[in-house]
Amino acid sequence: MGNKRFSIIIPVYNRPDEVEELLASLEAQTQKDFEVIVVEDGSTVTCDDVCRHHAATLDISYHVKSNGGPGPARNFGAERAKGEYFIVLDSDVILPPAYLAAIEDELQKVPADAFGGPDRAHPDFTPTQKAINYAMTSFLTTGGIRGGRKKLDRFFPRSFNMGVRATLWQQLGGFRQMRFGEDIDFSYRIVESGAACRLFPEAWVWHKRRTDFSKFFRQVRNSGIARINLTLLHPGTLKPVHALPAMFTIFCATLAAIFIAGLLFTCLGLATIRHEGCNMSMVVIFFGLAQMGLALLPLLLYSLLILVDSSVRNRSLRVGLLSIPASFIQLNGYGSGFIRAAWQRLILRRKGEGFAFSDNKSFYS
């Protein structure tokens, strides 16, 4: 069918249902000048039937490769793409009908070599998915660095919603062989090359993210590890906002220690009230309770802030309540990974985790 304006590249691993939803949303695009390249990355549950079902309405090609990770899968798709711009999407996103039209509108206003857009929670997502989306996008949790208008750091596109001019992709060689953080590494290399890279606020996607808190914890922990690896690959890119989750994690650990000490004082006072006299024991008990309250107060205030903000944004008290554990998991998961990697890579000078990609499941699951 000739060259296209856009090549949509979708790596997938055992997610045919997600691909079905994504392809259906591509069929509904108002801008039709695009091709779709689906790369099956060693899946045991394939989406070939799904792609065949949409072949009559989409310019789609389906490819199968051995398991190698999302970065190599995207590169595999790019080698077969014919578009002027390559747009990389995760399989767990859904596009609004005007997604590509919004990109075209931005490119017509001011040309760009690379771009990306934010993500949102679809009304049909589960309360847990909405809470996780809040934790990943709120200014109160991530500083807005994932594509929102309010943010504490400059914008770098992420692979769930990233566009790159084909010639620039070929110049930079695409994604490196990294277990996680490969999309930020690619974004850094784009910016370091001097290419024009912009946020397209209206080119947003619905992003399902992880479906439970345990998977979410692993995801954000890996992101914390990746941040240290990226700092070594790209010196000078570590910003104060990147260290905030680690500081929050240390703060929470300190408050936990204060709370436990207060609990021990309280228990000691109660245990000795008959032997040491009422007055002395009450002082010990009061001191212990005061310590426990001092430890809990900052966390309760922050939780209340999260509850109110998320409940208003999502128009749901249930999502607001779930956003509290989601936010603590986001901050402490990222912070713990950041601290561990900093200790291994910067202090002990060990190789650490995250460079060689060996197990695709750890990314896609």
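**View 1. Leu-26 and its contacts in the predicted model.** Leaving aside residues up to four places away in sequence, Leu-26 touches Ile-8, Ile-10, Phe-34, Val-36, Leu-58 and Leu-95, where contact means heavy atoms within 4.5 Å. This is a predicted model, in which local features need pLDDT of at least 70 and side-chain atom pairs count only at pLDDT 80 or more, whereas totals for chains, interfaces and linings use all residues. Residues are numbered from 1 along each chain as its sequence is written, and side-chain values use heavy atoms, with hydrogens and water left out.

**View 2. The largest nonpolar core.** Among the 32 residues of this core, Ile-8, Leu-23, Leu-26, Val-36 and Ile-103 touch the most other members; a nonpolar core is a set of buried (under 20% relative accessible area, 1.4 Å probe, protein chains only) Ala, Val, Leu, Ile, Met, Phe, Trp, Tyr and Cys residues joined through side-chain atoms within 4.5 Å. Two or more residues each come from β1 (6–12), α1 (16–27), β2 (34–41), α2 (48–54), β4 (85–89) and α4 (99–109), with helices (H or I, at least four residues) and strands (E, at least two) taken as DSSP runs numbered from the N terminus. The largest share, 5 residues, is that of α4.

**View 3. An open sheet of 3 strands.** The strands follow the order β5-β10-β7 with mixed pairing, two strands being paired if DSSP finds at least two bridges between them. Because β5 (93–94) and β7 (119–120) stand at the edges with a single partner strand each, one side of each is left without a neighbour in the sheet. Strand β10 (residues 205–207) runs antiparallel to β5 and is joined to β5 by 2 bridges, and Ile-94 stands opposite Trp-206 in β10.

Note on methods: Buried < 20%, exposed > 50% of the residue type's maximum accessible area, 1.4 Å probe, protein only.
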